[in-house]
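Let me open the model and take a look.

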Amino acid sequence: MNPLLLRKLLLVGVVWVYSISEADGSVCSPSNTDIDIDAQVPGVISTPEFPDGSTGSSCAYKIQAPENFRLAITIEALKFAGLDDHLVIHDGADDQSPMMGRYGSCTTGSLTLFSRGNAILLKTVSATFRTSNELRIAYRAIESETVTCSSPGGNLPNLCTDDNHLGGLSGVISSPNFPKNYGAKEYCTWNIAAPPGYRIQFAIRFLGIENYRYSKRPNDCFDDSITISESRENKTRDIKKLCGCQSLFSFITSEETMFVTFRTYRENNWPGFYATYQALSPEECPSGNTNCPLKDFDPTGFNAQGEVCKSSAIDDSRPTDGGNITLYAEAKIDVVCRPDFIEVSLKISDFPGIVFNDSSLHLEDRNCVPGYKDDLKVTFKFGLEDCDTRHVNDREKIYYKNKIYLKAGEAAEDEAITREHTEIIPFHCGYNKKAILSKVSYNPRVVQILTDTEGVGNFTYYMDMYEDENNNVTVTQFPKEVGLGQKMYYGFRVESEDTDLVVFPDVCKATASPNFDSTPDHVIIDKACSKDNTLQYNYGQSSEHFFNIAAFRFAESFNDIYVHCKLTICRKDDGESRCAKGCQPTRRRTRSTEEDFDASLYIGPLKPKVVENKAVKENQYNQSDSDNSMISIVGILVGVLGTVAIGLIISLIVISRRRKSSGQGLSLIVSEEM
């Protein structure tokens, strides 16, 4: 064999084995809880792999960059089932390094943190591991000289006073002590003013604050909260109140001034929030339009001191392999625009040396990888609101935009050169404007409504079942067994950038199949009115509702239960909507435009079962013995009485025969008289 070829094969084998061991070694598992990561190549830390219910399932990740480099880590997903489970971040290589924060038990959005040196230590602390946990943290090494950190306007974004006044064309605000944990009894306000003639686009970019752990009052944001208000016609109007790990929120003011208030109750492991604001000119967003696209904001991160940091090495694109990047706008790709989804295909022959793995071939969202591939092509298929797809409007169409990221390049025999590079291929789909573009449902518990109706915008319905009365732990595995009479906890909500949208339960009912119109059925809620005597539900105009009901089964021979809710939306300020009028059981219903936005979701299947109880069984046995004794007594009595009756009948027959033989005249008389 050619010695040069043999050497190349051995080199490839070594690299392949190293890559496999490196990939396996970065996953936390029962046999691998202390992990060292070399950040020369960017990567992602993902959810640990422990059996559900495992104890002692904590993990430690030491991430090391080369000398004269710093680290940028981005928290993309964080969700723990335990209320006290959390992620610890140290700005250094060990436990003695300064702490950047303790984050738990969930967050929404993404947050980039910059190290001071070339190492970061991450630890997940979990008493009991649950497979519903989610963790995704991207990391990359960046040259120290490319990072700049500052305090915009001379003050840190986490400055907390009861009268912060901010202005200018853009800025950042955050919770006290951010990115470290905020304290107890905090009270902060920000008064943000745009230049005359401008309006403000405000966006929560990262969120994780207490909800109702101490107050036990869900939906009220009574423990910690962010309240967003605006000034309209010399009056202050509340726009949105946020807490917990709700969906990110953005809005555009009606005038030039807005306010943000942050209140806390107790100190805990919650990270807090950060938000951005930008002034919009009338040319960027005409007066009266509240659905202008979210304006791009320079990539932003924070250091342990709370300063805003940026790096010229990080642009708006997703992290790649750090190699050469080519924007290939004229690439040969096939784009198919469907009412509910987009399908993009590329021919392998057009991209020599293309690398097929999920870290090198993806859309804006790294989780969006090809759903189909063969020897000739690869294909992406995704919903219009998925995969970090952005949309922009003009007067005639809505454009949904995304990018393909791929690594390609034929190998070079000369090690001094390389042809490997990352290609970024932008593409879009344009749709004519109309009231309802589509209703997208890839999951029976989630329905997206894509619309361009004035004053509404796109929104999504969600329906969930919960394990507990506080609606903290979502049921994710079906079918699910429920005991007859056991309380079942449900919730439904609408999520949208429009803070005035509220959700209305047109009908919630149970059936024996996934078909909403199937029979038998049992109505639980009808036009916000209770129809079950065990239902606990209080209607109010809100974007989120919860209710619970005692489990049951159909009297006929049906084994499954499906709980459906048909939902619609209204605007909170519409006093004539069905949402405003609430439960009106005697009111005759008429068709309204709100029905254009309705959607049906369901939970199931549920498997009702009889819960066996020892005391009940003993009672049943005692009752059975008592019944048997009673049956025996009754049997004896019946036997005695039967014997007596038979004796009486025989006696009467004998007497009758004797009378016939001795009294013929009497019988005839009786006959003659008759």
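Entry 1. A reminder to myself: this is a predicted model. I looked up the aromatic pairs and found 19 of them in the structure.

Entry 2. I picked out Phe178 and Phe206. Their ring centres are 6.3 Å apart and their planes meet at 55 degrees, so I noted the pair as tilted, since edge-to-face would need over 60 degrees.

Entry 3. I moved on to Trp190 and Phe273, an edge-to-face pair with 6.1 Å from centre to centre and 90 degrees between the planes. This pair also links distant parts of the chain: Trp190 is in strand E14 and Phe273 in strand E20 (residues 272–280), 83 residues apart. Trp190 is buried at 3% relative accessibility, and Phe273 is buried at 0%.

Entry 4. Which residues do ring pairs link into a cluster with Phe178 and Phe206? I found Tyr103, Tyr274 and Phe302 there.

Entry 5. Last, I checked for charges over rings. The charged end of Lys381 sits over the ring of Phe341, 4.4 Å from the ring centre. Lys509 lies over the face of Phe516, and here the distance to the ring centre is 4.3 Å.

Notes. Residues are numbered from 1 along each chain as its sequence is written. This is a predicted model: local features need pLDDT of at least 70, side-chain atom pairs count only at pLDDT 80 or more; totals for chains, interfaces and linings use all residues. Side-chain values use heavy atoms; hydrogens and water are left out. Rings of Phe, Tyr and Trp (its six-membered ring) pair if their centres lie within 6.5 Å; planes under 30 degrees apart count as stacked, over 60 as edge-to-face and the rest as tilted. Helices (H or I, at least four residues) and strands (E, at least two) are DSSP runs, numbered from the N terminus. Buried means under 20% relative accessible area, exposed over 50%, partly exposed in between (1.4 Å probe, protein chains only). A charge sits over a ring if NZ of Lys or CZ of Arg is within 6 Å of the ring centre and within 35 degrees of the ring normal.
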